[in-house]
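Subject: Structure handover

Hello,

My notes on what was found in it follow.

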Amino acid sequence: MRLVGPGGEQVGIVPLAKAMELAQEYDLDLVEVAANARPPVCKLMDYGKFKYESAMKAREARKNQAHTVIKEMKLRPKIDPHDYDTKKGHVERFLKQGDKVKITIMFRGREQSRPELGYRLLQRLATDVQDLGFIESNPKQDGRNMIMVLGPHKKKTEAMAEAREAQAARKDARRVAVESGDDHPDETETADAPEAAPAEAAPVTEAPVASDAEPKAEEQV
C-alpha cells in the first residue's frame with residue numbers, strides 16, 4: 001500500500017505489517033483513504049479527531065447555508081395610509097433579512113377596470129424601499145391580481161452574518177451592564193430616605209344604641 005504520514009508526508013509503498021507497526025509507534029489509526037487506487041492509499045491519523053472535525057465543519061456549513069425564501073405581501077388599490085405604512089414596514093423587514101418579497105395587488109369589482117391604480121401603488125412602494133431592494137420582476141396582471149417581486153440588495157448570507165453580529169453585540173452589552181451594576185437601581189437614596197411617619201388612627205365614633213329604658217309609643221286603640 002501507499003502510506004501517507006500523519007503530517008501529510010509521503011512515506012512510500014510499504015507492506016501492511018510495516019504500516020501497522022508505524023501506526024502503533026505513532027499511537028494513531030491506519031485509515032484507508034483511496035481504496036480504488038493501485039496500490040491502495042492509507043493514512044496515519046487520529047480517526048476520532050478526524051470524525052469530530054468533519055462533523056463540526058458540516059455543522060458550520062449548514063449554519064451558513066442560505067435558503068431562498070419568498071415572502072408575500074397583499075395590498076388593496078385604495079389602501080389606507082396607515083395600513084400602507086404598516087405593510088411597507090413588513091416589506092422593509094423582509095428585505096433586511098435578505099428575503100425576496102412578492103407584492104400582490106388585489107382588485108375587486110369595478111377596481112378591475114382601473115389597473116393603473118395598482119401599478120402606481122407598486123411603483124410607489126418600490127421607490128420607498130429602493131435603499132433595501134430592487135424590482136426583480138416588473139408588475140404584471142394575473143387575473144384579478146397584479147404582481148411584482150422585489151429582491152434584496154443584501155445576500156441572505158450577509159444578512160444572517162449581520163444578524164449574528166448584532167445579537168452578539170447585544171449579549172456583550174448586557175454582560176458589561178451586569179458586571180458594572182448599571183442594571184440595578186440606586187439603592188442609596190432609598191436607604192437614606194426617611195421613613196414615612198405612621199398615619200394616626202382615626203377616632204372611632206360608635207353609633208348610638210337605642211336603650212330599652214326609653215318609653216315606648218302608646219298603641220292607639
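In the protein, 54% of the contacts with a separation of 6 or more are between residues 24 or more positions apart, a contact being heavy atoms within 4.5 Å. The model is predicted, so local features need pLDDT of at least 70 and side-chain atom pairs count only at pLDDT 80 or more, while totals for chains, interfaces and linings use all residues. Residues are numbered from 1 along each chain as its sequence is written, and side-chain values use heavy atoms, with hydrogens and water left out.

Confidence: pLDDT is the predictor's confidence in each residue, from 0 to 100. The mean pLDDT of the protein is 80, with 79% of its residues at 70 or more. Residues 184-221 have pLDDT below 50, and beyond near neighbours in sequence this stretch makes 0 contacts in the model. Where pLDDT is low, the predicted coordinates should not be read in detail.

Overall: there are 6 helices and 8 strands, taken as DSSP runs (helices H or I, at least four residues; strands E, at least two) and numbered from the N terminus. From the N terminus on, their order is β-β-α-β-β-α-β-α-β-α-β-β-α-α. Of the 221 residues, 21% are buried (under 20% relative accessible area; exposed is over 50%, partly exposed in between; 1.4 Å probe, protein chains only).

Helix H4: this helix covers residues 115-128, and its 14 residues reach 20 Å from first C-alpha to last, close to the 20 Å expected at 1.5 Å a residue (the expected span is 1.5 Å times one less than the number of residues). Its buried residues are Gly 118, Leu 121, Leu 122, Leu 125 and Ala 126. They line one face of H4, because seen down the axis they fall within an arc of 135° (the arc of the directions from the helix axis to the C-beta atoms). Their cover includes H3, S5 (70-75), S6, S7 (133-142) and S8 (145-152).

Lys 88 is buried but has no salt bridge, and the nearest side chain of opposite charge, Asp 85, is 4.4 Å away. Lys and Arg count as positive and Asp and Glu as negative, with His and the chain ends not counted; a salt bridge needs a side-chain nitrogen of Lys or Arg within 4 Å of a carboxyl oxygen of Asp or Glu. Leaving aside neighbours within four places in sequence, Lys 88 contacts Leu 125, Asp 128 and Val 129.

Asp 99 lies in the loop between H3 and strand S6 (100-106). Asp 99 counts as buried because its relative accessibility is 3%. With neighbours within four places again left aside, Asp 99 contacts Val 69, Lys 71, Phe 94, Pro 152 and Lys 156.

Regards
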